[in-house]
Amino acid sequence: MKLFDSHCHLDDEKFNEDRAETIARMREGGVARCVCVGSDLPSSGRCIALAEQHDFIYAAAGVHPHEAKDAPADYIDRLRDMLRHPRVVALGEIGLDYYYDFSPRDVQKRVLQEQLDLAVETGMPVIFHIRDAHGDMFDLLRARGKELPAGVIHCCSASAEMVREYLKMGFYISFAGPITFKNAATPIEASKAVPLDRLLIETDSPYLAPVPLRGRRNEPAFVRHVLEKQAEVHGVNAEELAEITFKNACELYRIPV
Ligand code: NI
């Protein structure tokens, strides 16, 4: 079985002590590929460095809504340069987070819009982080119509109804550890609304370790538990779903299968 962790943060300092071992466990666990996703310019740079060292790790570069308030004046130019790097497969993660509100909402929206302009300019696939902000996100995406490139709603926390809207806009939907949690009724219903050819799996590690490892530091090898839960939710066998989600991730990120 060959798995694709479509979203992780292997550059995170929580892996500083044992990154090589974590990457070895990922490989031993059948996770043949992953995308290491940036949250600001320095972390995007670290993701690119990891992707240069390992041909099975790809990178995404972007400014997360939490970090929007600290984006330097020239961040778009620097992101544009990063997106030209051959190991960078997406712009992300970008979006809106009204749950934590670590950046003022007007700043989050400005930085999101500027990065969406860059996505349109470059045609790069987009990784969206959206928390408690689906209303504003729908308004903003609808205003752009069909000009946007492909994208994924990562670590999806939306309802089934909202997921159907994102699907209509052509996006992939990705679920992480929370789908395995006890109180997972909403993500399970939401996942059922996603046709298999639009579904991705991810860890978002080091955050959100899936059951039965909840509470521990998460790592790419644990994406297997997300896969198994999704197989159960969709009533398909895990092997088959591994293959489908692998292919979906390759299509989104435009990597040969
Ligand atoms: Ni993330």
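The paragraphs below go through the sheet, the helices and some local backbone features of a predicted model.

Residues are numbered from 1 along each chain as its sequence is written, and side-chain values use heavy atoms, with hydrogens and water left out. In this predicted model, local features need pLDDT of at least 70 and side-chain atom pairs count only at pLDDT 80 or more, while totals for chains, interfaces and linings use all residues.

Eight strands form an open sheet with parallel pairing, in the order β1-β2-β3-β4-β5-β6-β7-β8. Helices (H or I, at least four residues) and strands (E, at least two) are DSSP runs numbered from the N terminus, and two strands pair if DSSP finds at least two bridges between them. The edges are taken by β1 (3–8) and β8 (199–201), each with a single partner strand, so one side of each is left without a neighbour in the sheet. On average, neighbouring strands of this sheet are turned by 25° against each other, direction ignored. Axes here are lines fitted to C-alpha atoms, for helices over the stretch in contact, and angles between N-to-C directions run from 0 to 180 degrees.

Strand pairs can be followed residue by residue. β1 and strand β2 (residues 31–37) pair in the parallel sense over four bridges. Cysteine 8 has cysteine 36 in β2 as its bridge partner. Strand β4 (residues 88–97) and β5 run parallel and are joined by five bridges. Here leucine 91 has valine 126 in β5 as its bridge partner. Strand β5 (residues 126–131) is largely enclosed by the rest of the structure, because five of its six residues are buried. Buried means under 20% relative accessible area, exposed over 50%, and partly exposed in between (1.4 Å probe, protein chains only).

Valine 89 is found in strand β4. At 8% relative accessibility, valine 89 counts as buried. Leaving aside neighbours within four places in sequence, valine 89 is in contact (heavy atoms within 4.5 Å) with Val35, Tyr58, Ala59, Met124, Pro125, Tyr253 and Ile255. Asparagine 248 is 159 residues from valine 89 in sequence, and the two are 14 Å apart in space, C-alpha to C-alpha.

Helix α8 (residues 223–234) lies across β1, β2, β7 (172–175) and β8, and runs at about 150° to β8. Next come the helix pairs. Helix α5 (residues 134–144) and helix α6 (residues 160–168) have axes 12 Å apart and pack at an angle of about 15°. α5 and α6 are therefore roughly parallel to each other. Angles under 35 degrees count as roughly parallel, over 145 as roughly antiparallel, 65 to 115 as roughly perpendicular and the rest as oblique. The crossing of α5 past α6 is left-handed, a term used if the near helix is turned anticlockwise from the far one by less than a right angle, with right-handed for clockwise. On the α5 side the contact is made by His134, Met137, Phe138, Leu141 and Arg142, and on the α6 side by Met162, Glu165 and Tyr166. These residues divide into five nonpolar, one polar and two charged. Ala, Val, Leu, Ile, Met, Phe, Trp, Tyr, Cys and Pro count as nonpolar, Asp, Glu, Lys and Arg as charged, and the others, Gly among them, as polar.

Helix α2 (residues 41–53) and helix α3 (residues 75–83) pack at an angle of about 10°, and their axes are 11 Å apart. That angle makes α2 roughly parallel to α3. Leu41, Ser44, Gly45 and Ile48 in α2 meet Tyr75, Arg78, Leu79 and Met82 in α3. The contact residues of this pair comprise five nonpolar, two polar and one charged.

Some backbone features remain. The peptide bond from glycine 92 to glutamate 93 is cis, with omega near 5°, and glutamate 93 is found in strand β4. Another cis peptide bond joins valine 211 and proline 212, with omega about 15°; proline 212 is in the loop between β8 and α8. Aspartate 101, a residue other than glycine, has a positive phi near 50°. Aspartate 101 is found in the loop between β4 and α4 (105–122) and is partly exposed, with a relative accessible area of 34%. Arginine 254 is not a glycine either, and has a positive phi of about 55°. In the segment after α9 (238–253), arginine 254 is exposed, with a relative accessible area of 54%.
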